[in-house]
Amino acid sequence: YILSNREKLFLGAYGRYGIIWPEGENHFGALSFGFKLGWRENLHQYSLPFDLEPYICLGYVFDEGFAPVVYLGTKLDFF
């Protein structure tokens, strides 16, 4: 992560590869990369074994072309 601590606001870079199955079509692979901005909440203080991390990612996806993309998500970080 570029800007980070164990909790609260963070900014990082991301990259991932995934398989996409559009409805009624053949699947294809896609590579995406960009920046991830989110909020990390330490839930260990409530005796839970994970942190909660809602985020937004802004970047680009490369599959059959090259296009901007926005991801909204929530991650559970077990440790």
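**Exercise 1. How many salt bridges does the structure hold, and which residues are linked in a network of salt bridges?**

*Solution.* The model is a predicted one, and the structure holds four salt bridges. Begin with glutamate 53, which forms a salt bridge with lysine 36, the closest N and O atoms being 3.3 Å apart. Because glutamate 53 lies in strand S3 and lysine 36 in strand S2, this pair ties together parts that are 17 residues apart in sequence.

Next, take arginine 40, which also forms a salt bridge with glutamate 53, with the closest N and O atoms 3.3 Å apart. Here the pair links distant parts of the chain, since arginine 40 is in strand S2 and glutamate 53 in strand S3, 13 residues apart.

Then turn to lysine 75, whose salt bridge with glutamate 53 has its closest N and O atoms 3.8 Å apart. This pair joins strand S4, where lysine 75 is found, to strand S3, where glutamate 53 is found, across 22 residues. Put together, Lys36, Arg40, Glu53 and Lys75 are linked in a network of salt bridges.

**Exercise 2. Decide for glutamate 53, lysine 36 and lysine 75 whether each is buried or partly exposed.**

*Solution.* The cut-off needed here is that a residue is buried under 20% relative accessible area, exposed over 50%, and partly exposed in between. Glutamate 53 has a relative accessible area of 0%, so this residue is buried. Lysine 36 has 12% relative accessibility and therefore counts as buried. Lysine 75, by contrast, has 29% relative accessibility and so counts as partly exposed.

**Exercise 3. Work out the order of the strands in the open sheet, and name the edge strands.**

*Solution.* Follow the pairings one at a time. Strand S1 (residues 8-20) and strand S2 (residues 28-42) run antiparallel and are joined by 13 bridges; within this pairing, phenylalanine 10 stands opposite glycine 38 in S2. S2 is in turn joined to strand S3 (residues 50-62) by 10 bridges, again antiparallel, and leucine 37 stands opposite isoleucine 56 in S3. Finally, 13 bridges join S3 to S4, which run antiparallel, with phenylalanine 50 opposite phenylalanine 78 in S4.

**Exercise 4. Which residues make up the largest nonpolar core, and which form a nonpolar patch on the surface?**

*Solution.* Start with the core, the largest of which has seven residues in all, namely Phe10, Tyr14, Ala30, Tyr55, Cys57, Val61 and Val69. S1 and S3 each supply at least two residues of this core, and S3 gives the most, with three residues.

Now move to the surface, where Tyr17, Ile19, Trp21, Leu31, Phe33, Tyr60, Phe62 and Phe66 form a nonpolar patch with about 910 Å² of accessible area together. S1, S2 and S3 each supply at least two residues of the patch. One of its members is phenylalanine 33, which is found in strand S2 and is partly exposed, with a relative accessible area of 36%.

Methods
Residues are numbered from 1 along each chain as its sequence is written. This is a predicted model: local features need pLDDT of at least 70, side-chain atom pairs count only at pLDDT 80 or more; totals for chains, interfaces and linings use all residues. Side-chain values use heavy atoms; hydrogens and water are left out. Two strands pair if DSSP finds at least two bridges between them. Helices (H or I, at least four residues) and strands (E, at least two) are DSSP runs, numbered from the N terminus. Patches are made of residues with over 30% relative accessible area and no salt bridge: like charges are joined within 9 Å, nonpolar side chains (Val, Leu, Ile, Met, Phe, Trp, Tyr) within 5 Å. Accessible areas come from the Shrake-Rupley method with a 1.4 Å probe; for residues, only the protein chains shown count as cover. A salt bridge is a side-chain nitrogen of Lys or Arg within 4 Å of a carboxyl oxygen of Asp or Glu. Buried means under 20% relative accessible area, exposed over 50%, partly exposed in between (1.4 Å probe, protein chains only). A nonpolar core is a set of buried Ala, Val, Leu, Ile, Met, Phe, Trp, Tyr and Cys residues joined through side-chain atoms within 4.5 Å.
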